[in-house]
Amino acid sequence: MAKDVIIACDFSSEEETLNFLNKLGSRRPFIKIGMELFYSAGPQMVRRIAEQGSKIFLDLKLHDIPNTVRKAMANLAGLGVHMCNVHAAGGIKMMQAAREGLLEGAARTGGAVPLLIAVTQLTSTSENMLKNELLINCDMETTVASYAQNAARCGLDGVVCSPLEARLVKEACGKDFLTVTPGIRFADGEKGDQVRVTTPQRAKEIGSDFIVVGRPITAAENPAEAYFRCVKEFLE
């Protein structure tokens, strides 16, 4: 599968999102729609943007009992998104149910089955948080690898992890298992609230399949220039 840069469109409204996308000209990039935008503008907005030609990673991180997640995924399958996700911490039965829901929803609507990935640990999670707040006694690498292996056993397509763990996931789950990595910053940029971060160039070297980039592009003085810089560093 071709690698790509996914722009995190963490805006509060459809209008803000469309205004931003217009700044990129005729290019229809792969974008991430997360909770902030989805809860504001809803599923119809997702359909409209998908119909305009952008691939969409719908980043809602479902984490609930298996039956609820299955039914939710059956509905999300009809939105025309390319990728969606769950929390791996929900466990094997929940991830299996999510996959079943996507298949059911796609069969019902006649659309393609979206890629399904699982969040391992957020890029804002530090080793200290992992141990002292989440009460996980394994180190970050062991935890991420174990969660990724669970996702692979459930038939998921990949995981969300920090770019620092992309190579580890590939070693644990195989080269075709996708790594979707937020926590991307330019070498001359700010980290913000993320802890486990790296640059587009380094993410490419480590083995990320998709990098998710938000503020370094969306808050840039020239978003198109920042986007193409990211594409160049990651893909060329």
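What share of the contacts in the protein with a separation of 6 or more comes from residues 24 or more positions apart? I looked that up before anything else, keeping in mind that this is a predicted model. Residues 24 or more positions apart supply 67% of those contacts.

**Entry: overall build**

I went through the secondary structure and found 10 helices and eight strands. The radius of gyration came out at 17 Å, close to the 18 Å that the globule rule gives for 236 residues, so the protein is as compact as a globular protein of that length.

**Entry: surface and burial**

Next I checked burial. Of the 236 residues, 50% count as buried. The protein exposes about 10,900 Å², and carbon and sulfur atoms supply 49% of that area.

**Entry: α1 against α2**

I then turned to a pair of helices, α1 (residues 14–22) and α2 (residues 35–51). They pack at an angle of about 50°, with axes 9 Å apart. That angle makes α1 oblique to α2. I wrote down who meets whom: α1 brings E14, T17, L18 and L21, while α2 brings L37, A41, M45, R48 and I49. Sorted by class, this contact has six nonpolar residues, one polar and two charged.

**Entry: T143**

Is T143 buried or exposed? I found its place in helix α6, which covers residues 140–153. T143 has 4% relative accessibility, and the cut-off for buried is under 20%, so T143 counts as buried. Leaving out residues up to four places away in sequence, T143 touches Q121, L130, I136 and C138.

**Entry: positive phi values**

I also looked at backbone angles. Which strand holds K61? K61 is in β3, residues 56–62. K61 is not a glycine, yet its phi is positive, about 50°.

L135 is another entry under this heading: its phi is near 60°, a positive value in a residue other than glycine. I located L135 in the loop between α5 (127–132) and α6. Its relative accessibility is 64%, and exposed means over 50%, so L135 counts as exposed.

**Entry: side by side**

How values were computed:
Residues are numbered from 1 along each chain as its sequence is written. This is a predicted model: local features need pLDDT of at least 70, side-chain atom pairs count only at pLDDT 80 or more; totals for chains, interfaces and linings use all residues. Side-chain values use heavy atoms; hydrogens and water are left out. Axes are lines fitted to C-alpha atoms, for helices over the stretch in contact, and angles run from 0 to 180 degrees between N-to-C directions. Helices (H or I, at least four residues) and strands (E, at least two) are DSSP runs, numbered from the N terminus. Angles under 35 degrees count as roughly parallel, over 145 as roughly antiparallel, 65 to 115 as roughly perpendicular and the rest as oblique. Contact means heavy atoms within 4.5 Å. Ala, Val, Leu, Ile, Met, Phe, Trp, Tyr, Cys and Pro count as nonpolar, Asp, Glu, Lys and Arg as charged, and the others, Gly among them, as polar. The radius of gyration is taken over C-alpha atoms; the globule rule is 2.2 Å times the number of residues to the power 0.38. Buried means under 20% relative accessible area, exposed over 50%, partly exposed in between (1.4 Å probe, protein chains only). Accessible areas come from the Shrake-Rupley method with a 1.4 Å probe; for residues, only the protein chains shown count as cover.
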